[in-house]
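Dear colleague,

Please look at it first and then read on.

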Amino acid sequence: MLAVLLLSTVTQALPGSWEVGYATWYTGVPNGGGSCEFPKEVTASFPFGMYAAIDYTLYDDSKACGVCYEVECTGNPSWTTELCECKATSVVLQADSSCCTRDHNTPHFDLNPAARAAILQNDCGNMAVRFRQVACTYNSEGKNVQIVPKPGTTEWWYAFFVWDVAETGQVVKARIKSSGSSTWNDCPLKGGAFFECGGMKPYTAPITVELTDIEGEVLVADDLITDPSKDTGSWDFGTNFGKAGSPPVTRAPATSSPATGAPTTDAPATGSPKTDVPATGAPATSAPVTTAPATNAPGTSAPITSAPVTSAPTTNAPTTTAPG
(Lines give C-alpha, C1' and ligand atoms only; values in the text may rest on other atoms or scores of the structure.)
Protein backbone atom coordinates (compact mmCIF):
# COMPACT_ATOMS: atom_id res chain seq x y z
CA MET A 1 0.00 0.00 0.00
CA LEU A 2 1.11 3.55 -0.67
CA ALA A 3 -0.01 5.76 2.21
CA VAL A 4 0.95 9.42 2.40
CA LEU A 5 0.89 10.76 5.94
CA LEU A 6 1.17 14.23 7.45
CA LEU A 7 3.15 13.70 10.66
CA SER A 8 3.37 17.30 11.84
CA THR A 9 2.76 20.81 10.60
CA VAL A 10 3.95 24.30 11.41
CA THR A 11 2.17 27.33 9.98
CA GLN A 12 4.41 29.25 7.59
CA ALA A 13 4.28 33.05 7.77
CA LEU A 14 4.29 33.79 4.06
CA PRO A 15 4.61 36.18 2.39
CA GLY A 16 7.69 37.34 4.25
CA SER A 17 8.82 40.88 4.94
CA TRP A 18 9.96 43.15 2.12
CA GLU A 19 13.74 43.56 1.76
CA VAL A 20 15.88 45.82 -0.41
CA GLY A 21 18.12 44.44 -3.16
CA TYR A 22 19.15 44.92 -6.77
CA ALA A 23 18.82 42.95 -9.96
CA THR A 24 20.70 42.33 -13.18
CA TRP A 25 19.64 40.05 -16.01
CA TYR A 26 20.99 37.29 -18.24
CA THR A 27 19.93 35.65 -21.47
CA GLY A 28 18.23 32.70 -19.75
CA VAL A 29 18.55 28.90 -19.85
CA PRO A 30 15.22 27.77 -21.36
CA ASN A 31 16.55 24.29 -22.14
CA GLY A 32 18.01 23.60 -18.72
CA GLY A 33 21.06 24.45 -16.70
CA GLY A 34 21.93 26.29 -13.54
CA SER A 35 23.30 24.99 -10.29
CA CYS A 36 19.88 23.71 -9.13
CA GLU A 37 19.92 21.34 -12.14
CA PHE A 38 16.39 22.19 -13.28
CA PRO A 39 15.89 20.62 -16.74
CA LYS A 40 14.12 23.48 -18.48
CA GLU A 41 11.99 26.51 -17.83
CA VAL A 42 8.34 25.62 -17.27
CA THR A 43 6.07 28.12 -19.02
CA ALA A 44 2.61 26.51 -19.19
CA SER A 45 2.18 26.27 -15.41
CA PHE A 46 3.78 27.67 -12.25
CA PRO A 47 6.20 29.47 -12.25
CA PHE A 48 5.17 30.39 -15.82
CA GLY A 49 8.70 30.88 -17.13
CA MET A 50 9.74 33.31 -14.38
CA TYR A 51 13.15 32.41 -12.91
CA ALA A 52 16.21 34.02 -11.35
CA ALA A 53 19.68 33.10 -10.20
CA ILE A 54 20.37 34.38 -6.68
CA ASP A 55 23.51 35.44 -4.85
CA TYR A 56 25.52 32.89 -2.89
CA THR A 57 24.20 34.11 0.47
CA LEU A 58 20.56 33.66 -0.54
CA TYR A 59 21.43 30.40 -2.32
CA ASP A 60 22.88 28.96 0.91
CA ASP A 61 24.66 25.98 -0.65
CA SER A 62 21.58 24.95 -2.69
CA LYS A 63 19.09 25.10 0.22
CA ALA A 64 17.16 27.85 -1.61
CA CYS A 65 16.73 25.92 -4.88
CA GLY A 66 13.04 26.15 -5.70
CA VAL A 67 12.26 29.00 -3.30
CA CYS A 68 9.78 31.55 -4.67
CA TYR A 69 10.12 35.33 -4.43
CA GLU A 70 8.05 38.34 -5.34
CA VAL A 71 10.28 41.01 -6.90
CA GLU A 72 9.39 44.61 -7.73
CA CYS A 73 11.48 47.24 -9.56
CA THR A 74 11.94 50.44 -7.52
CA GLY A 75 14.33 52.52 -9.67
CA ASN A 76 18.10 52.99 -9.82
CA PRO A 77 20.66 51.58 -7.38
CA SER A 78 22.43 54.38 -5.49
CA TRP A 79 25.78 53.52 -7.11
CA THR A 80 24.65 53.94 -10.74
CA THR A 81 23.44 56.83 -12.91
CA GLU A 82 21.33 54.63 -15.20
CA LEU A 83 17.68 55.57 -15.58
CA CYS A 84 15.54 52.52 -14.83
CA GLU A 85 11.96 52.76 -16.06
CA CYS A 86 9.99 50.45 -13.79
CA LYS A 87 6.64 48.90 -14.59
CA ALA A 88 3.93 49.35 -11.97
CA THR A 89 3.81 45.65 -11.17
CA SER A 90 5.77 42.87 -9.49
CA VAL A 91 6.71 39.37 -10.60
CA VAL A 92 6.65 36.05 -8.72
CA LEU A 93 9.64 33.93 -9.72
CA GLN A 94 11.53 30.82 -8.65
CA ALA A 95 15.21 30.49 -7.76
CA ASP A 96 16.86 28.03 -10.16
CA SER A 97 20.57 28.78 -9.80
CA SER A 98 23.28 30.68 -7.96
CA CYS A 99 24.94 33.58 -9.70
CA CYS A 100 27.33 35.74 -7.80
CA THR A 101 28.62 37.42 -4.69
CA ARG A 102 26.85 40.43 -3.21
CA ASP A 103 28.08 43.77 -4.51
CA HIS A 104 27.61 46.67 -2.10
CA ASN A 105 26.53 44.12 0.53
CA THR A 106 23.10 44.03 -1.12
CA PRO A 107 21.03 40.93 -2.04
CA HIS A 108 21.35 40.24 -5.77
CA PHE A 109 18.90 38.66 -8.23
CA ASP A 110 19.96 37.82 -11.78
CA LEU A 111 16.68 37.69 -13.71
CA ASN A 112 15.87 35.66 -16.80
CA PRO A 113 14.44 37.66 -19.75
CA ALA A 114 10.79 36.92 -18.93
CA ALA A 115 11.09 38.05 -15.32
CA ARG A 116 13.04 41.16 -16.31
CA ALA A 117 10.48 42.14 -18.96
CA ALA A 118 7.67 41.76 -16.44
CA ILE A 119 8.95 44.60 -14.23
CA LEU A 120 11.27 46.77 -16.36
CA GLN A 121 10.47 48.84 -19.46
CA ASN A 122 13.94 49.80 -20.72
CA ASP A 123 17.44 48.28 -20.98
CA CYS A 124 18.64 49.38 -17.56
CA GLY A 125 21.48 47.02 -16.63
CA ASN A 126 21.20 47.34 -12.85
CA MET A 127 17.88 48.05 -11.16
CA ALA A 128 16.99 48.59 -7.55
CA VAL A 129 14.35 46.14 -6.32
CA ARG A 130 12.47 45.14 -3.26
CA PHE A 131 11.68 41.47 -2.71
CA ARG A 132 10.07 39.02 -0.31
CA GLN A 133 9.68 35.26 -0.10
CA VAL A 134 6.22 34.05 -1.08
CA ALA A 135 4.49 30.68 -1.29
CA CYS A 136 5.16 28.47 -4.29
CA THR A 137 1.63 27.86 -5.54
CA TYR A 138 1.81 24.26 -6.76
CA ASN A 139 -1.18 23.35 -4.57
CA SER A 140 -3.46 25.68 -6.51
CA GLU A 141 -2.72 23.57 -9.60
CA GLY A 142 -3.12 20.25 -7.80
CA LYS A 143 0.54 19.31 -8.23
CA ASN A 144 2.29 16.86 -5.93
CA VAL A 145 5.91 16.70 -4.78
CA GLN A 146 8.05 14.78 -7.27
CA ILE A 147 10.96 12.51 -6.30
CA VAL A 148 13.34 12.53 -9.27
CA PRO A 149 16.12 9.90 -9.03
CA LYS A 150 19.63 11.02 -9.86
CA PRO A 151 21.26 9.16 -12.77
CA GLY A 152 23.31 6.21 -11.57
CA THR A 153 21.15 5.31 -8.57
CA THR A 154 21.00 1.65 -7.47
CA GLU A 155 20.09 -0.29 -4.34
CA TRP A 156 23.68 0.41 -3.18
CA TRP A 157 23.78 4.16 -3.92
CA TYR A 158 20.56 6.15 -3.95
CA ALA A 159 20.25 9.89 -4.58
CA PHE A 160 17.33 12.04 -5.71
CA PHE A 161 16.02 15.54 -6.34
CA VAL A 162 12.82 16.86 -4.74
CA TRP A 163 10.85 19.16 -7.04
CA ASP A 164 7.50 20.91 -7.27
CA VAL A 165 7.61 21.67 -3.55
CA ALA A 166 4.68 23.89 -2.51
CA GLU A 167 4.61 26.71 0.04
CA THR A 168 8.19 27.36 1.29
CA GLY A 169 9.76 25.44 -1.60
CA GLN A 170 12.45 24.18 0.76
CA VAL A 171 12.93 20.56 1.82
CA VAL A 172 15.72 20.49 4.41
CA LYS A 173 15.66 16.85 5.50
CA ALA A 174 15.02 13.55 3.73
CA ARG A 175 15.13 9.94 4.90
CA ILE A 176 14.35 6.55 3.35
CA LYS A 177 13.49 3.17 4.83
CA SER A 178 13.75 -0.24 3.20
CA SER A 179 10.81 -2.61 3.02
CA GLY A 180 10.31 -4.55 6.25
CA SER A 181 12.84 -2.42 8.15
CA SER A 182 12.29 -0.08 11.10
CA THR A 183 15.56 1.76 10.46
CA TRP A 184 15.54 5.18 8.78
CA ASN A 185 18.53 6.12 6.60
CA ASP A 186 19.42 9.82 6.43
CA CYS A 187 19.81 11.43 3.00
CA PRO A 188 21.81 14.66 3.48
CA LEU A 189 21.41 17.52 1.01
CA LYS A 190 24.40 17.79 -1.31
CA GLY A 191 25.64 20.65 -3.46
CA GLY A 192 23.63 20.56 -6.66
CA ALA A 193 20.32 20.35 -4.79
CA PHE A 194 20.05 16.57 -4.49
CA PHE A 195 19.78 14.25 -1.48
CA GLU A 196 22.28 11.38 -1.17
CA CYS A 197 21.31 8.50 1.10
CA GLY A 198 23.57 6.63 3.49
CA GLY A 199 22.91 4.03 6.16
CA MET A 200 22.20 0.32 5.80
CA LYS A 201 22.54 -1.05 2.26
CA PRO A 202 21.42 -2.52 -0.05
CA TYR A 203 18.06 -0.76 0.00
CA THR A 204 15.15 -3.13 -0.41
CA ALA A 205 12.06 -2.09 -2.39
CA PRO A 206 9.46 -0.88 -1.90
CA ILE A 207 11.18 2.05 -0.18
CA THR A 208 9.40 4.51 2.11
CA VAL A 209 10.39 8.19 1.85
CA GLU A 210 10.10 10.92 4.51
CA LEU A 211 10.53 14.65 3.73
CA THR A 212 10.68 17.63 6.11
CA ASP A 213 10.38 21.24 4.94
CA ILE A 214 12.05 24.26 6.52
CA GLU A 215 8.98 24.97 8.68
CA GLY A 216 8.93 21.48 10.18
CA GLU A 217 6.10 19.94 8.17
CA VAL A 218 6.76 16.23 7.62
CA LEU A 219 5.39 14.09 4.79
CA VAL A 220 5.80 10.32 4.58
CA ALA A 221 5.03 8.18 1.51
CA ASP A 222 4.96 4.47 2.33
CA ASP A 223 6.34 2.07 -0.28
CA LEU A 224 6.87 4.89 -2.78
CA ILE A 225 9.96 3.66 -4.66
CA THR A 226 9.31 0.23 -6.11
CA ASP A 227 12.57 -0.06 -8.07
CA PRO A 228 15.70 1.75 -6.78
CA SER A 229 17.60 0.91 -9.97
CA LYS A 230 15.30 3.12 -12.06
CA ASP A 231 17.21 6.38 -12.55
CA THR A 232 14.85 8.11 -15.00
CA GLY A 233 11.32 9.44 -14.68
CA SER A 234 9.91 10.48 -11.31
CA TRP A 235 7.95 9.15 -8.34
CA ASP A 236 4.76 11.06 -7.50
CA PHE A 237 4.56 11.65 -3.74
CA GLY A 238 0.77 11.79 -3.78
CA THR A 239 0.50 15.08 -1.88
CA ASN A 240 2.34 18.32 -1.21
CA PHE A 241 3.31 20.59 1.66
CA GLY A 242 0.71 23.00 2.98
CA LYS A 243 -2.19 20.53 2.91
CA ALA A 244 -2.47 20.15 6.69
CA GLY A 245 -6.24 19.93 6.56
CA SER A 246 -6.29 17.08 4.09
CA PRO A 247 -6.69 13.45 5.22
CA PRO A 248 -3.91 10.94 4.49
CA VAL A 249 -3.90 9.59 0.96
CA THR A 250 -4.12 5.82 0.52
CA ARG A 251 -3.75 4.25 -2.90
CA ALA A 252 -3.56 0.79 -4.42
CA PRO A 253 -0.08 -0.74 -4.73
CA ALA A 254 1.89 0.08 -7.85
CA THR A 255 1.75 -2.46 -10.65
CA SER A 256 4.64 -1.17 -12.74
CA SER A 257 7.84 0.84 -12.53
CA PRO A 258 7.81 4.55 -13.33
CA ALA A 259 8.10 5.68 -16.91
CA THR A 260 11.58 5.42 -18.28
CA GLY A 261 11.32 8.61 -20.28
CA ALA A 262 12.28 12.04 -18.98
CA PRO A 263 9.89 13.65 -16.47
CA THR A 264 7.26 16.04 -17.78
CA THR A 265 7.83 19.77 -17.80
CA ASP A 266 5.83 20.07 -14.60
CA ALA A 267 8.20 17.70 -12.80
CA PRO A 268 11.80 18.77 -13.55
CA ALA A 269 14.13 16.09 -14.85
CA THR A 270 17.83 15.60 -14.43
CA GLY A 271 19.64 17.99 -16.70
CA SER A 272 23.38 18.48 -16.55
CA PRO A 273 24.32 20.99 -13.87
CA LYS A 274 26.11 24.26 -14.47
CA THR A 275 28.05 25.74 -11.65
CA ASP A 276 27.07 29.32 -12.31
CA VAL A 277 24.99 31.76 -14.33
CA PRO A 278 26.67 35.05 -15.27
CA ALA A 279 25.33 38.29 -13.81
CA THR A 280 25.02 39.92 -17.25
CA GLY A 281 25.27 38.68 -20.80
CA ALA A 282 25.19 35.03 -21.89
CA PRO A 283 25.21 32.28 -19.28
CA ALA A 284 28.34 30.31 -18.50
CA THR A 285 29.08 27.24 -20.57
CA SER A 286 31.22 25.16 -18.25
CA ALA A 287 31.25 21.39 -18.78
CA PRO A 288 28.73 19.38 -16.79
CA VAL A 289 29.89 17.56 -13.72
CA THR A 290 29.27 13.82 -13.50
CA THR A 291 28.86 12.20 -10.11
CA ALA A 292 29.87 8.55 -10.08
CA PRO A 293 27.85 6.28 -7.81
CA ALA A 294 29.63 4.66 -4.91
CA THR A 295 30.25 0.90 -5.04
CA ASN A 296 31.29 0.15 -1.47
CA ALA A 297 29.93 -2.83 0.45
CA PRO A 298 26.98 -2.41 2.81
CA GLY A 299 27.49 -0.02 5.66
CA THR A 300 26.76 -0.55 9.33
CA SER A 301 25.35 2.81 10.42
CA ALA A 302 23.40 2.88 13.65
CA PRO A 303 19.64 3.11 13.18
CA ILE A 304 17.93 6.44 13.45
CA THR A 305 14.82 6.64 15.59
CA SER A 306 12.09 8.80 14.07
CA ALA A 307 9.81 10.99 16.17
CA PRO A 308 6.45 9.39 17.00
CA VAL A 309 3.32 10.48 15.20
CA THR A 310 1.32 12.75 17.45
CA SER A 311 -2.07 11.81 16.01
CA ALA A 312 -3.32 8.78 14.16
CA PRO A 313 -4.00 9.52 10.49
CA THR A 314 -7.32 8.68 8.92
CA THR A 315 -6.97 5.71 6.58
CA ASN A 316 -9.08 5.69 3.47
CA ALA A 317 -9.90 2.44 1.74
CA PRO A 318 -7.49 1.75 -1.14
CA THR A 319 -8.74 2.25 -4.63
CA THR A 320 -8.17 -0.21 -7.43
CA THR A 321 -6.48 2.34 -9.66
CA ALA A 322 -2.71 2.21 -9.93
CA PRO A 323 -0.87 5.49 -9.20
CA GLY A 324 -0.07 7.91 -11.99
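The charged end of Lys 150 lies over the ring of Phe 194, at 4.4 Å from the ring centre, where "over" requires NZ of Lys or CZ of Arg to be within 6 Å of the ring centre and within 35 degrees of the ring normal. Likewise, Arg 130 has its charged end over the ring of Trp 18, 3.8 Å from the centre.

Please keep in mind that this is a predicted model, in which local features need pLDDT of at least 70 and side-chain atom pairs count only at pLDDT 80 or more, while totals for chains, interfaces and linings use all residues. Residues are numbered from 1 along each chain as its sequence is written, and side-chain values use heavy atoms, with hydrogens and water left out.

Phe 194 also belongs to one aromatic cluster with Phe 38, Phe 161 and Trp 163. The structure holds 11 aromatic pairs, a pair being rings of Phe, Tyr or Trp (its six-membered ring) with centres within 6.5 Å, called stacked if the planes are under 30 degrees apart, edge-to-face if over 60 and tilted otherwise. One of them joins Phe 46 and Phe 48 edge-to-face, with 6.5 Å between the centres and 90 degrees between the planes.

The rings of Phe 46 and Tyr 138 are also edge-to-face, because their planes stand at 85 degrees, with the centres 5.1 Å apart. These two residues are 92 residues apart, Phe 46 in the loop between strands S2 (19-25) and S3 (51-54) and Tyr 138 in the loop between strands S7 (127-134) and S8 (146-149); strands are DSSP runs of E, at least two residues, numbered from the N terminus.

Best regards

Key:
Helix = DSSP H or I, 4+ residues; strand = E, 2+ residues; numbered from the N terminus.
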